[in-house]
Amino acid sequence: MRSMPTMICLHGLTPEQEARVREAAPGWNIVFGRPKELDDKLFREAEVICGWSPVIEKESLGEGGSLKWLQSWSAGVDKMPLGKLEQAGVILTTASGVHPVPMSETALAMMLAFSRGLHHSVRSQLRGKWEPREPYAELNGATLAIIGAGEIGTELGRLGQALGMRTIGVRRTARPTPHMDETMAIDQLHDALARADYVVNVLPHTPDTERVFGAAEFAAMKDSAVFVNIGRGVSVDTDALVEALRSGAIGGAGLDVTDPEPLPEGHPLWAMEQVIITPHMGGSSERYKERVTELFVHNLKSYLADGRPARNIVDYERGY
Ligand SMILES: NC(=O)c1ccc[n+]([C@@H]2O[C@H](COP(=O)([O-])OP(=O)(O)OC[C@H]3O[C@@H](n4cnc5c(N)ncnc54)[C@H](O)[C@@H]3O)[C@@H](O)[C@H]2O)c1
Ligand SMILES: O=C(O)[C@H](O)COP(=O)(O)O
């Protein structure tokens, strides 16, 4: 008789969320817990794991590992051992679709902070100083270029359009994308950069997207442009960004992700007045687990019905 298949769900779902997973997979041995609490043997036995990136190197991919499907809790799977997973024939799915709301609100908060000068006002407030810096800008009528216009970028496009911005989406191919007034392929990147008042990077980290933003790209931007990075730090040549800010080649930068990360103490970016830094919190939300459970249960149902999760299967060739 076939023993009960095992599934591991990592990282503290609520009892209601656990119940939703159990309900979707009757007849499964489902283990909920934190990686350190779980035995290596369990990881070897698990057919399905749902969780964050770093835990997967455990026994699941070693000799005799039974893993068939891994549902990442992150949208970016760049920290996953992609080569090993591919070699082991594991289906990997991302959590893309869980983050559009908090990520686009983070990017919008940065854009509004720059247009209304909040980064200056907060610094003045800390010194107890009343220091207007006229004139202030508006997002209304400004052009927003979103580099990596996927799930997150599309929601940011919606918010940008709602505020009266013109949106340009840049992606691998220039296919029409909701909430983009125009879409361009990545080989037209400089054209998009030259026209934008706000450039938001939300590219995944793949071999093709490292250092996409270097000296030439910052030079192509308007000298008033604000560059916002909520994707991955490695898409940017950090020294070139520092130089672009120092020389006035661009107007400011909002950085939720950096390279290196965390940004070390004493790094020049910390002291720059035209820079806002947040600690890789763009995707974080009190609704995260609710949304990730919904995605996982949706994928689980199709995995159990026909052996394939319905959404977000990683193309190992492409890297995301
Ligand atoms: N800061 C955070 O906390 C946080 C949270 C969630 C996601 N992220 C990052 O955001 C990324 C995007 O997430 P998503 O859910 O929108 O992903 P997605 O797969 O829906 O969208 C990715 C987009 O990037 C484009 N793209 C990929 N490679 C490209 C290339 N070489 N050139 C041009 N365009 C390219 C794709 O065409 C697609 O439009 C994640 O991979 C992750 O790195 C960061
Ligand atoms: O891609 C994401 O979902 C967020 O950036 C968090 O990813 P991480 O857990 O891999 O840092």
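Which backbone N or O atom lies 3.0 Å from an oxygen atom of ligand 1? That atom belongs to I152. The model discussed here is predicted.

## Ligand 1: contacts

A backbone N or O atom of I152 makes the 3.0 Å approach to a ligand 1 oxygen. R172 also takes part through its backbone, with an N or O atom placed 3.2 Å from a nitrogen atom of ligand 1. The side chain of R232 has an N or O atom 3.5 Å from an oxygen atom of ligand 1. On its own, ligand 1 has 870 Å² of accessible area, and the protein covers 91% of it.

## Ligand 2: contacts

Side chains of S74, K79 and H280 each place an atom by an oxygen of ligand 2. For S74, a polar side-chain atom is 3.0 Å from a ligand oxygen. For K79, the corresponding distance is 2.8 Å, and for H280 an N or O atom of the side chain is 2.7 Å from an oxygen atom of ligand 2. Ligand 2 taken alone exposes 310 Å², of which the protein buries 79%.

Ligand 2 has 9 residues around it, with A75, G76, K79, R232 and H280 coming nearest. The shell divides into 2 nonpolar, 5 polar and 2 charged residues.

Note on methods
Residues numbered from 1 in each chain as written. Chains lettered and ligands numbered in written order. Predicted model: local features only at pLDDT ≥ 70, side-chain atom pairs only at ≥ 80, totals over all residues. Heavy atoms only, no water. Near = heavy atom within 4 Å. Polar contact = N/O pair within 3.5 Å; in protein donor to acceptor, adjacent residues only side chain to side chain. Areas by Shrake-Rupley, 256 points an atom, 1.4 Å probe, with all protein chains shown as cover. Nonpolar A, V, L, I, M, F, W, Y, C, P; charged D, E, K, R; others polar.
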